[in-house]
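Subject: Handover of a structure and its findings

Dear colleague,

Please find below the structure that I am handing over to you. My findings follow it.

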Amino acid sequence: MAMDSRLLWSASIVLILAGACTAQNVLPPGPLSGAVSGSVTFSTALRPPERPFLSVSWTFKGTNVITSTANGDLPGDGYGNRISLDRTTGSLQLRGLTAADSGEYVVTVIPQGESQKQGKIVLNVYVPVSGVTVRGPETTLIEDQHSASVTCEASGSVRVRAWTKDGRPVRAGPTVTLSPDNVTVSIQPVRSHDGGVYRCRVSNPISSATAAFNLTVNFGPYNVSIVGPSAAPPGRTVTLRCMAHSLPPADFGWEFNGTSVNGSSYVVQHLDEQSEGNYTCTARNAVTRREKSTNLYLRASCITPCWSVSVMLLSATSLRWFM
């Protein structure tokens, strides 16, 4: 106790001799971030002096962390085994961090023959984020019939939750809302473009973690179309293909002259007058229970090949007439 009293008395005398003049902040602007159970170093901008500092002291919320003078070091209660002081620069290492260590730290350095130097910095201690999970609906979603919510949960000191869908930021809109803390994305009603991979990134200044959920929205069929010629030379084999925008993929059926064929393609093996007419394709979605049809009129027509033969015959006839 007597030693502690002498150290405090020495530090008080040094402060009085140095006067009240204080130089600029010798610490970075901060804040400084640390992890629970980890360590941080408060580094000053001071260089080792030619003559040792008269005094270096650190305080936290007005209480002593350590006071160091030529007579020795006086650590504050609970800091003895948790700190290391570099007297040549005034830098301090603090170990075994807890949430209670968050707050403002002040360093005061008194050089020999110079004015007092002081610095302030805020330390924030965080629990690393962990256990990030994203939950979404387990029921089947159909466009314009259902709503959906995707929720992001995590442990630790959560400071930021950021959502992306298929790599792009999720933004609020006419059908999309975000909870004030970004925990939940709500969609009402769901549309086809709402389907995709939703990722939630949870972070604080010392850690981050990500989880994802694949949201499936069933829709369609839309944009049903038939790909193939509307006319072809007689005798030609013609293939018609039906396409549609649908999730899950649509089932296709064809109708022609009272006959039905299943599948996305319809093949006319030998085009003639009997195979001319309207070919109707119907796309059906087994989940949405919706269907849509389109048709194409196919006809046998002498296009380039027929004209080529006619021209050759006419040319041969004309040549014989002139001869």
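The protein chain has two helices and 26 strands, where helices (H or I, at least four residues) and strands (E, at least two) are DSSP runs, numbered from the N terminus. The model is a predicted one, in which local features need pLDDT of at least 70, side-chain atom pairs count only at pLDDT 80 or more, and totals for chains, interfaces and linings use all residues. Residues are numbered from 1 along each chain as its sequence is written, and side-chain values use heavy atoms, with hydrogens and water left out.

Confidence comes first. The mean pLDDT (the predictor's confidence in each residue, from 0 to 100) of the protein chain is 89, and 86% of its residues reach 70 or more. Over residues 1-23 pLDDT stays under 50, and the model has 29 contacts for them beyond four places in sequence; contact means heavy atoms within 4.5 Å. Over residues 304-323 pLDDT also stays under 50, with two such contacts. Where pLDDT is low, the predicted coordinates should not be read in detail.

As to the chain as a whole, buried residues make up 36% of its 323 residues. Buried means under 20% relative accessible area, exposed over 50%, and partly exposed in between (1.4 Å probe, protein chains only). Of the contacts with a separation of 6 or more, 60% are between residues 24 or more positions apart. Ala35 lies in strand β2 and counts as partly exposed because its relative accessibility is 24%.

The interior holds nonpolar cores, each a set of buried Ala, Val, Leu, Ile, Met, Phe, Trp, Tyr and Cys residues joined through side-chain atoms within 4.5 Å. In the largest, which has 22 residues, Phe42, Trp58, Val65, Leu94, Tyr105 and Leu123 touch the most other members. The elements giving two or more residues to this core are β3 (40-42), β4 (55-60), β5 (63-69), β8 (91-94), β9 (103-110) and β10 (116-126). A second, separate core of 20 residues includes Val134, Leu141, Val185 and Val190. Leaving aside neighbours within four places in sequence, the contacts of Val65 include Trp58, Leu74, Ile83, Leu92 and Tyr105.

Several points of the backbone deserve a mention. A cis peptide bond joins Gly30 and Pro31, with omega about 0°; Pro31 is found in the loop between β1 (22-25) and β2 (32-35). The bond from Gln188 to Pro189 is also cis, with omega near -10°, and Pro189 is in the loop between β16 (184-187) and β17 (196-204). Asn182, a residue other than glycine, has a positive phi near 65° and lies in the loop between β15 (176-178) and β16. Arg289 is not a glycine either, yet its phi is positive at about 60°. Arg289 is found in the loop between β25 (277-285) and β26 (290-300), and counts as exposed because its relative accessibility is 75%.

With kind regards
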